[in-house]
Amino acid sequence: MTQTKIKGEEKLLKLTMDEADIYRAAVNLWGQRAQLDMVIEECSELIKAICKYRRYIRDPSWKDIVLEAIDVEIMVQQIKHVFHVDQEMWDHLKDVKLAELQAHIESSKKEKGGGENHLQNNNEA
Ligand SMILES: [Mg+2]
């Protein structure tokens, strides 16, 4: 995929902290309650971007969805620091969830009998 410019990107600051340190610092600075509120706020912005994208049939651009998804990712990563979940535990729980998703995909394929084609047909936004 080609590089996509985003609004304000030209003013991008150089990162001087590790990603995990940024998340930890945000939670330490603004507090657990505020950061959990921000998780909710960013999720709602992503929901809104998806609704607008679907309602306007691809206008506004998919970039709005991607940018809001990144905001959500940044806030979701802070949940680890709010609840003191270390990376090993996070990765383990994520593997469990991915295995559940994999099993769900496999059972859906068998149920529908259509294999990949059925899943692809449902991917249209
Ligand atoms: Mg946002």
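Colleague: How many helices and strands does the protein chain have?

Modeller: There are 5 helices and 0 strands.

Colleague: What's the average pLDDT of the protein chain?

Modeller: The average is 87, and 80% of the residues score at least 70.

Colleague: And which elements have the lowest and highest mean pLDDT?

Modeller: Helix H5, residues 116–121, is the lowest with a mean of 52, while H1 is the highest at 97. Where pLDDT is low, the predicted coordinates should not be read in detail.

Colleague: OK, on to packing. At what angle do H2 and H3 pack?

Modeller: About 160 degrees, with the axes 8 Å apart. Anything over 145 degrees counts as roughly antiparallel, so that is what H2 and H3 are. Their crossing is left-handed.

Colleague: Which residues meet there?

Modeller: On the H2 side they include Leu 36, Val 39, Cys 43, Leu 46 and Ile 50, and on the H3 side Ile 65, Ala 69, Val 72, Val 76 and Ile 79 are among them. By class, the contact of H2 with H3 divides into 16 nonpolar, 3 polar and 5 charged residues.

Colleague: What about H1, how do its axis and that of H2 cross?

Modeller: H1 (residues 19–30) and H2 (residues 32–55) have axes that come within 6 Å and cross at roughly 115 degrees. Ala 26, Val 27 and Trp 30 make the contact from H1, with Gln 32, Ala 34 and Gln 35 from H2. That set splits into 4 nonpolar, 2 polar and no charged residues.

Colleague: And where does H3 come in, how do the axes of H1 and H3 cross?

Modeller: Their axes come within 9 Å and cross at roughly 70 degrees, with H3 covering residues 62–82. The range from 65 to 115 degrees counts as roughly perpendicular, so H1 and H3 are roughly perpendicular to each other. H1 passes H3 in a right-handed crossing. From H1, the contact uses Tyr 23, Arg 24, Ala 26 and Val 27, and from H3 it uses Gln 77, Gln 78, His 81 and Val 82. The class count is 4 nonpolar, 3 polar and 1 charged.

Colleague: Take Ile 47, then. Buried or exposed?

Modeller: Exposed, because 12 other C-beta atoms lie within 10 Å, and 12 or fewer is the cut-off for exposed. Ile 47 sits in helix H2. Its C-alpha atom is 8.7 Å from that of Glu 68, which is 21 residues away along the chain.

Colleague: Where is the place of His 84?

Modeller: His 84 is in the loop between H3 and helix H4, which spans 87–112. His 84 counts as exposed because there are 8 C-beta neighbours inside 10 Å.

Technical notes: Residues numbered from 1 in each chain as written. Predicted model: local features only at pLDDT ≥ 70, side-chain atom pairs only at ≥ 80, totals over all residues. Axes fitted to C-alpha atoms, helices over the stretch in contact; angles between N-to-C directions. Helix = DSSP H or I, 4+ residues; strand = E, 2+ residues; numbered from the N terminus. Contact = placed C-beta atoms within 7 Å. Nonpolar A, V, L, I, M, F, W, Y, C, P; charged D, E, K, R; others polar. pLDDT = per-residue confidence, 0-100. Parallel < 35°, antiparallel > 145°, perpendicular 65-115°, else oblique. Left-handed = near helix turned anticlockwise from the far one by under 90°. Buried ≥ 20, exposed ≤ 12 C-beta atoms within 10 Å, placed from the backbone.
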